Amino acid sequence: MAKKTQKLSPDIVVKNYWKDNGRFADFFNAALFGGKQVILPEELEDSDTDVSTVLEKKQYAETIKEFRDNIKIRKKSTAFGAELAMVGLESQQHVHYAMPMRVMGYDYATYKKQYQGLAAGYQKGPGGKSSEFLSKMKKGDKLIPVITAVLYYGEEPWDGATTLHGMLDIPEELAGYVNDYKMLLVEAREHGLVFHNKSNIDFFHLLGILLDRGIPREEAKEKAIRYSEEHNTSKDVVMTVAGATNTKIDYSAFEKGDGKMCTLFEEIARTSEDKGRLEGRAEGRLEGRAEEIISMGLESNFPENSILETLQNRLGITLQKATEYFRRFAGQRIQ
């Protein structure tokens with residue numbers, strides 16, 4: 001017999017949810033324009049999420065393999081529109097203290113990919129300027145602007161930086177000369193955004209209930225079930241909420257045509273005395289810190305043995321456990 005109760009991967013289920021143009025447009029309209037319908041679903045086209053690149057120096061070159069979670073291009077009647085990117089969904093079930101730097105890297109890689117497209121097709125013609133040949137682009141060439149939003153759906157409030165300056169130790173007299181990079185952060189648990197898409201309304205409302213640690217778990221369960229029944233929450237929203245909150249879901253209920261929120265609460269409705277719950281949350285925090293350390297180490301091009309040593313020292317774990325974490329999280333980044 002096939003296994004009915006399964007745990008959904010947060011990374012995959014959330015990425016899949018935002019593939020829908022209606023939801024994607026609605027999110028950015030809420031995050032950028034206060035809910036005003038500026039971006040229309042029919043204007044959006046999927047773009048390649050692979051932003052891997054090569055860093056080149058005079059006698060050195062290195063490949064950087066990166067994938068954005070969701071990225072779409074807004075196309076109107078003109079040749080260029082505004083490219084909108086949603087990124088940070090992969091690992092932002094946990095606070096990432098280097099997130100502004102990661103966003104800056106994602107955006108740079110996307111711009112560089114556009115530039116390389118121009119450079120590849122550039123040929124110096126009769127009368128061409130030497131500066132254009134050197135730049136591999138003409139004075140009138142323009143790149144498509146990139147906007148990146150980070151959606152954080154963790155239990156605890158975001159306490160990390162939202163700007164590059166927030167990550168830096170800058171002497172006051174130099175602060176005005178150090179370029180900053182801002183990150184657009186949306187916290188699912190408390191966002192204040194105006195949505196019009198029904199799926200987004202249900203998705204964020206239910207996440208708000210389930211991530212509210214001021215509500216007893218049994219009360220949150222009943223409140224979420226009541227909301228779902230009253231608003232006829234769709235199956236894919238239920239699955240996305242389940243994945244985002246690390247909750248097992250009973251597929252037999254869907255086969256019977258019952259996709260209500262009550263199918264979500266196999267793990268949520270546990271008492272505070274449940275030792276397994278406490279241990280599970282502790283392990284979850286440890287995994288989150290391990291993923292953060294590994295991600296930062298790989299982005300900084302540290303060797304594997306250095307990252308393993310950092311994991312052992314900071315988390316107080318064995319080499320075997322550190323290796324297990326490295327294989328899991330480093331492998332996710334290159335899939």
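Visitor: Hi! Is Glu-324 buried, exposed or partly exposed?
Guide: Glu-324 is partly exposed, with a relative accessible area of 37%. Keep in mind that this is a predicted model.

Visitor: Which residue does Glu-324 form a salt bridge with, and how far apart are the closest N and O atoms?
Guide: The partner is Arg-328, and the closest N and O atoms are 3.6 Å apart. Arg-328 counts as partly exposed too, at 30% relative accessibility.

Visitor: Where do Arg-328 and Glu-324 sit along the helix?
Guide: Both belong to helix H11, which covers residues 319–333. They are 4 residues apart there, so about one helical turn separates them. In general, an α-helix has 3.6 residues a turn, so residues three or four places apart point the same way.

Visitor: Nice. What about Asp-202 and Lys-198, how do they meet?
Guide: Their side chains meet in a salt bridge of 2.6 Å, N to O. Asp-202 and Lys-198 are 4 residues apart in helix H5 (residues 198–210), so they are separated by about one helical turn. Asp-202 is buried, with a relative accessible area of 2%, whereas Lys-198 counts as partly exposed at 43%.

Visitor: How many residues of H5 are buried?
Guide: H5 is mostly covered, with 10 of its 13 residues buried. Among the buried ones are Phe-203, Phe-204, Leu-206 and Leu-207.

Visitor: What span should H5 have, and how far apart are its end C-alpha atoms?
Guide: With 13 residues and 1.5 Å a residue, H5 should span 18 Å, and its end C-alpha atoms are 18 Å apart, which agrees.

Visitor: Switching topic: how many residues are in the largest nonpolar core?
Guide: It has 32 residues. Those with the most contacts inside this core are Trp-18, Phe-27, Phe-203, Phe-204 and Leu-207. Helices H1 (10–17), H2 (21–33), H5, H6 (217–231) and H7 (235–244), along with strand S7 (146–152), each supply at least two residues of the core. As a general rule, in soluble globular proteins nonpolar side chains tend to be buried together.

Visitor: Which residues is Leu-207 in contact with, leaving aside its neighbours within four places in sequence?
Guide: Leu-207 is in contact with Tyr-153, Ala-188, Val-241, Ala-244 and Thr-245.

Visitor: And what is in the second core?
Guide: That separate core has 13 residues, including Ile-293, Ile-307, Leu-308 and Phe-326.

Visitor: Which residue has a positive phi of about 50° although it is not a glycine?
Guide: That is Asn-232. Asn-232 lies in the loop between H6 and H7 and counts as exposed, at 64% relative accessibility. Lys-136 also has a positive phi, about 60°, without being a glycine. Lys-136 is in the loop between helix H4 (130–135) and S7, and it is partly exposed at 29%. For background, most residues other than glycine have a negative phi.

Visitor: Last one: how many helices and strands are there in the protein?
Guide: There are 11 helices and 9 strands. Buried residues make up 42% of the 335 residues. The accessible surface of the protein comes to about 18,500 Å², and 51% of that belongs to carbon and sulfur atoms.

Terms used
Residues numbered from 1 in each chain as written. Predicted model: local features only at pLDDT ≥ 70, side-chain atom pairs only at ≥ 80, totals over all residues. Heavy atoms only, no water. Salt bridge = Lys/Arg side-chain N within 4 Å of Asp/Glu carboxyl O. Buried < 20%, exposed > 50% of the residue type's maximum accessible area, 1.4 Å probe, protein only. Core = buried A, V, L, I, M, F, W, Y, C linked by side-chain atoms within 4.5 Å. Contact = heavy atoms within 4.5 Å. Expected span 1.5 Å × (residues − 1). Areas by Shrake-Rupley, 256 points an atom, 1.4 Å probe, with all protein chains shown as cover.
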